[in-house]
Every structure is written in structure tokens, then in C-alpha cells.
Amino acid sequence: MNLTYLCCHNPNNGMSDLEVHLFLARVETETVHIDENEVNAKRWVPKEKVLEPLKENRSHCGVSMLG
């Protein structure tokens, strides 16, 4: 996997010490193993479907908008 660190962001600055670290990952292949302590479910989604709510201002989640 090719992993590039993009940035660190606090979406609730002044209200919490939460830090979100954003990475770009390019994956050639993946295994089927899912760590159940980390992820309950995952699926690949087309980029356009992810960008649509952002472009239409339907997402109000700072963490989602950061990505």
C-alpha cells in the first residue's frame, strides 16, 4: 500500500482536543480480513457518490467534509 500523510485537523477547535489525521492511500489489492474492533462494515463507493453531498452542501459533519 502506498500511504501519504495529508494533514491534521481539529474539527471542533476550542471545544475538544480531537485531532483527525488524513491520509491518502492507494491500494493495489486488499485482504478480506476485517478487524472487528475497528470496522463493522466497509464497502467501496464511487468517488462521485462521495462528492455529491459535499457539492450540494448536504453534509454538515466536519470530519466527513475534511476527507
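A salt bridge here is a side-chain nitrogen of Lys or Arg within 4 Å of a carboxyl oxygen of Asp or Glu. The model is predicted: local features need pLDDT of at least 70, side-chain atom pairs count only at pLDDT 80 or more, and totals for chains, interfaces and linings use all residues. Residues are numbered from 1 along each chain as its sequence is written, and side-chain values use heavy atoms, with hydrogens and water left out.

**View 1. R58 pairs with E52 and with E56.**
The structure holds two salt bridges. In one, the side chains of R58 and E52 meet at 3.1 Å, N to O. In the other, R58 meets E56 at 2.8 Å, N to O. Shared partners join E52, E56 and R58 into one network. Side chains of opposite charge can pair when their charged atoms come close. Are these residues buried or exposed? The scale is relative accessible area: buried means under 20%, exposed over 50%, partly exposed in between (1.4 Å probe, protein chains only). R58 has 48% relative accessibility, so R58 counts as partly exposed. E52 is partly exposed at 42%. E56 is partly exposed at 47%.

**View 2. Y5 and F23 form an aromatic pair.**
A search of the whole structure finds one aromatic pair. The ring centres of Y5 and F23 lie 5.1 Å apart and the planes stand at 70°, so the pair is edge-to-face. The pair links distant parts of the chain: Y5 belongs to strand β1 and F23 to strand β2 (residues 20-26), 18 residues apart. Rings of Phe, Tyr and Trp (its six-membered ring) pair if their centres lie within 6.5 Å; planes under 30 degrees apart count as stacked, over 60 as edge-to-face and the rest as tilted. Strands (E, at least two residues) and helices (H or I, at least four) are DSSP runs, numbered from the N terminus. Y5 is partly exposed, with a relative accessible area of 43%. F23 is partly exposed, also with 43%.

**View 3. L3, Y5 and F23 form a nonpolar surface patch.**
Together, L3, Y5 and F23 have about 310 Å² of accessible area. Areas come from the Shrake-Rupley method with a 1.4 Å probe; for residues, only the protein chains shown count as cover. Patches are made of residues with over 30% relative accessible area and no salt bridge; like charges are joined within 9 Å, nonpolar side chains (Val, Leu, Ile, Met, Phe, Trp, Tyr) within 5 Å. L3 sits in strand β1 (residues 2-9). L3 is partly exposed, at 48% relative accessibility.

**View 4. C7 and C8 are not bonded to each other.**
How many disulfides are there? The count comes to zero. C7 is in no disulfide; the nearest cysteine sulfur, that of C8, is 7.3 Å away. For C8, the closest cysteine sulfur is in C7, and 7.3 Å is too far for a bond. The cut-off for a disulfide is a pair of cysteine sulfur atoms within 2.5 Å. C7 is partly exposed, with a relative accessible area of 25%. C8 is partly exposed, at 37%.

S59 is found in the loop between α1 (47-55) and α2 (62-66). S59 has a relative accessible area of 15%, so S59 is buried. Which residues does S59 touch? Not counting residues up to four places away in sequence, S59 touches P53, L54, S64 and M65. Contact means heavy atoms within 4.5 Å. N57 is found in the loop between α1 and α2. N57 is exposed, with a relative accessible area of 54%. N57 has a positive phi of about 55° although it is not a glycine. Most residues other than glycine have a negative phi. C61 is found in the loop between α1 and α2, and is partly exposed at 35%.

**View 5. V27 lies in the loop between β2 and α1.**
V27 is partly exposed, with a relative accessible area of 37%. V27 and H9 are 18 residues apart in sequence. In space they are 24 Å apart, C-alpha to C-alpha.
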